[in-house]
Amino acid sequence: MNISEIGETLVEVIEQDVFYSEFQTVVNKIFAQYLVQFFCTCIVLGAKDGWTIASESFPHPFTVIDFEDVNIVESDVLLQAIDNGCQSFVVAQSVATQFLDQFHPVHDRAVTRFPEKRLIVIGDATNVDGDGILNHSAIGDVIDLLFVQPRADLRRVDLLTGQFELQPTERDGWIVLDSFNLAESEATKPLVNLFPNKRIDLRGRFLRLAIFNYEPYTIWKDADSAEEANAYYGHHRSLSIDGTEAQLFIEFCAKLNCSLEISLDEAGEWGQIFDNRTGDGIIGALVERRADVGVGALYSWYHEFRFLSLSKPISRTGVTCIAPKPLPLSSWMTPILPFTLVLWLAVLGSFLVAIVFDVLFSFVTHKFTPSESGRVDICESVMAIMSIFILQAVLMRINKNQFVSQMILIGTFLLVGLMVGNAYSGGLSSVMTVPRYEKSIDTVQELADRNLRWGSTHDAWIFSIQLATQPTIVKLLNNFLTAPKEVLHRNAIERNMAYSIERLPYGHFAIGEYITEQVSPNFEIMLEDIYWENCVAMATKTWPLMNELDELTLVIFQSGIQRFWENKVVSKFADNKVQHAISTSRHFDNPGPIALQPSHLLGAFLLLAFGLGLGLVCFACELLWHRLSYRPSTGTGHPLDVTLR
């Protein structure tokens, strides 16, 4: 190599060093201006990348990960960095594809969720082709994307971005935001906005929304024409959706200029998520990334929170049950209805105590007057006390033993009998005038104590209480039943189980289709809620529009328009007769005065029959006892000369 070749090589090296020095100035300027608002930055590079990080000038804490080190990649360093607060990423082009391959899996496992992520790719001067990065599937979840492409041959730095607003198949390469001609010392010129707000106009980009038919939250049907449709299915404008929560996303797309692409799974309904990150229904479509966001009475479930991101509360709902209405009590119970069980026990106890005291006083007074003949008759005491308690006349033989203590005792019995007898008479009049019903199920405790099955078509109704440890809730969980709609409707006809429903925020109810107009009068709503929850939207952990959805949700919530939406949707789609039957289920019609029928005295007739039958049985037993205990006399007396004493 001659001196001239050595000189040319030296010049090239010097120029390359100068270029990378100026390039580093541009990179540091970008970092200082566009990363300062983030808590932490994750820097991903390869061992041979030509740019460096000036730690003393970096605007905030950062983590450097060498993706060419297999041990670091496999030790979840990137996952730890994200959980420690890394919201922005600076990635070298040499490892960008490898980083993007792990973008979704790592974020799905992360606990922290930052919807507004910023990605800066530092290009390689020897590789100006960045289309592989732009067309990667993970870029679909990155709105704020910047590709810093050094062009050493042209001594220029190009600042590029992608078109997030368009579908991947519609993107046509990178968009140039700005260029720095380092040969003309432009490294210090002001930067244009390198991260323009692409969220304000999505230019028709598809928003994949997972729903199913669940009134009044989300309702869909096939539109008669494309003009009547407001959503897409299979990229065809063919669905018309409505509902209190579906309307939120209609407004969302109207504001951001996007198109709703509906993901349907009617069989799966709310769905479930398995540990291998598969599932069905709404949440299954989200965890498998067949949809971006899902809505439809989704609650703040802990298990689903581990896999998905939750929005701000859309509305508040209360979960309760409709239980079979209490039936009128049978007429044979009329004699015992005036008193409760506790009061009957108290009356029985008073009756027995009165008998004991009457027998005791009679026995003692007979001891005081030994000259008087006679004995203490327990049967007479029982009949006397019973007569007093039922307000009947009774012969009190106080002329034989005139003691003041016995008079006081009898007077006390008369007063107690007067009060008990009149109380029973009043209660009996009330029972025969106003119909009495079985005990209704008003509270959660009563629902558990009845051991009554309750259920719906999906286990989602108990997702919120599956981790409960209270005995009452645990018993409810054991009694919960999931079954197809046909089975639930058949059980509703037979009145042998309760059904979960939702109290909507503005006075209506979310009721399953198996509760029809014919069976709704057979049920009444509980007074207590089993639990209450916040309805939210669920999305993938990397969905970049969550902040925009939260902002719109809070604006709509404070406006009060959800009341209008609920009234409109319920009036349009729900069965208003079922709604009315449930809302008025606690009000019983007043039949007014009714004529007494023989059925009203059925209890008395049964009591008479019971007394006659029992008396006849006792009489037969007594005759048999006397026949068996009789022994003929061995004397010469007349056979009928039997001593009766």
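This note goes through the aromatic and charged side-chain contacts of a predicted model.

1. A search of the whole structure finds 20 aromatic pairs. One of them joins F206 and Y232 in an edge-to-face arrangement, with 5.1 Å from centre to centre and 75 degrees between the planes. Because F206 belongs to strand β8 (residues 205-211) and Y232 to strand β10 (residues 231-233), the pair ties together parts that are 26 residues apart in sequence. F206 and Y232 are both buried.

2. R277 is partly exposed, at a relative accessible area of 23%, whereas D108, at 10% relative accessibility, counts as buried.

3. R118 deserves a look from two sides. Its charged end sits over the ring of F195, 4.1 Å from the ring centre, and R118 also forms a salt bridge with D144, where the closest N and O atoms are 3.8 Å apart. R118 lies in strand β4 (residues 118-122) and D144 in strand β5 (residues 144-151), and both residues are buried.

4. E513 and K485 form a salt bridge with the closest N and O atoms 3.2 Å apart; E513 is exposed, with a relative accessible area of 54%, while K485 is partly exposed, at 34%.

Definitions and conventions:
Residues are numbered from 1 along each chain as its sequence is written. This is a predicted model: local features need pLDDT of at least 70, side-chain atom pairs count only at pLDDT 80 or more; totals for chains, interfaces and linings use all residues. Side-chain values use heavy atoms; hydrogens and water are left out. Rings of Phe, Tyr and Trp (its six-membered ring) pair if their centres lie within 6.5 Å; planes under 30 degrees apart count as stacked, over 60 as edge-to-face and the rest as tilted. Helices (H or I, at least four residues) and strands (E, at least two) are DSSP runs, numbered from the N terminus. Buried means under 20% relative accessible area, exposed over 50%, partly exposed in between (1.4 Å probe, protein chains only). A charge sits over a ring if NZ of Lys or CZ of Arg is within 6 Å of the ring centre and within 35 degrees of the ring normal. A salt bridge is a side-chain nitrogen of Lys or Arg within 4 Å of a carboxyl oxygen of Asp or Glu.
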